[in-house]
Amino acid sequence: MEFFKQIKSAVNIEIEKLRSENLMGSAKEAVVELDLFLNWKTDSFFFNPQMIKTICKVSDVFLTLKESSSTPSFKIISVRNAKDDGDFALCPRCDQYIFSPDHNRRNYDNLCDRCCAVLVQDFPEHDSVTQIKERLKVTNTLDWE
Ligand SMILES: [Zn+2]
């Protein structure tokens, strides 16, 4: 876990730099690109982008795994603001930036897949549900129906 703390504090330092220049608000706006140097035999199964995303509380993480024979290490390639990146859409319900580079395939109202599923399944009477279903016919990106 020490390794994750190192990643988190290095990412936080980059986020603070951007915040001090008024280029970022909170960490949830951050998109992090990271190289991880791991020993395939012992380390690799521990790591996935979702885990690092959760630990760092950022919007998204892009990982490149590289082989190394020594102890695990990492290199931050970039930390940028999802707000300035057209490949991300802000979900109006959960307030998270979602990677969705193809604008034509975005959900109704830029809702994320998770929020669409919650609305349709748990709030079938919600005003948005009809539009979500209409949009699904066009994008056909979800398989939870
Ligand atoms: Zn959402």
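## Helix α2 and the sheet

Helix α2 lies across strands β1 and β2 and runs at about 125 degrees to β2. Here "lies across" rests on contact, which requires that the C-beta atoms of two residues, placed from the backbone, lie within 7 Å. Angles run from 0 to 180 degrees between N-to-C directions, and axes are lines fitted to C-alpha atoms, for helices over the stretch in contact. Helices (H or I, at least four residues) and strands (E, at least two) are DSSP runs, numbered from the N terminus. Helix α1, in turn, lies across β1 and β3, at about 30 degrees to β3.

The model is predicted: local features need pLDDT of at least 70, side-chain atom pairs count only at pLDDT 80 or more, and totals for chains, interfaces and linings use all residues. Residues are numbered from 1 along each chain as its sequence is written.

## The three-stranded sheet

Strands of a sheet pair through backbone hydrogen bonds, either parallel or antiparallel. In this model an open sheet of three strands has the order β2-β1-β3, with mixed pairing. β2 and β3 stand at the edges, each with a single partner strand, and therefore one side of each has no neighbour in the sheet. On average, neighbouring strands of this sheet are turned by 15 degrees against each other, direction ignored.

Two strands count as paired if DSSP finds at least two bridges between them. Strand β1 (residues 30-38) and strand β3 (residues 73-81) run antiparallel and are joined by eight bridges. Within this pair, leucine 36 stands opposite phenylalanine 74 in β3, and phenylalanine 37 has serine 73 as its bridge partner. With strand β2 (residues 60-67), β1 pairs in the parallel sense, over eight bridges; there, leucine 34 stands opposite leucine 63.

## Packing of α1 and α2

Two packed helices are described by the angle between their axes and the distance between the axes. The axes of α1 (residues 2-20) and α2 (residues 49-56) come within 9 Å and cross at roughly 60 degrees. This angle makes α1 oblique to α2; angles under 35 degrees count as roughly parallel, over 145 as roughly antiparallel, 65 to 115 as roughly perpendicular and the rest as oblique.

Phe4, Ile7, Lys8 and Val11 of α1 make the contact with Ile52, Ile55 and Cys56 of α2. By class, six of these residues are nonpolar, none is polar and one is charged. In this scheme, Ala, Val, Leu, Ile, Met, Phe, Trp, Tyr, Cys and Pro are nonpolar, Asp, Glu, Lys and Arg are charged, and the others, Gly among them, are polar.

## Packing of α3 and α4

The axes of helix α3 (residues 113-122) and helix α4 (residues 128-139) come within 10 Å and cross at roughly 125 degrees. That makes α3 oblique to α4. Cys116, Leu119 and Val120 in α3 meet Ser128, Val129 and Ile132 in α4. The classes in this contact are five nonpolar, one polar and no charged residues.

## The chain as a whole

The chain has four helices and five strands, which follow the pattern α-β-α-β-β-β-β-α-α along the sequence. Its C-alpha trace spans about 55 × 40 × 25 Å along the principal axes.

The chain is divided into domain 1 (2-83) and domain 2 (88-139), with bounds that come from an automatic or database domain assignment. The centres of the two domains, taken over C-alpha atoms, are separated by 27 Å. Five residues of domain 1 are in contact with four residues of domain 2. On the side of domain 1 that touches domain 2, one residue is nonpolar, one is polar and three are charged.
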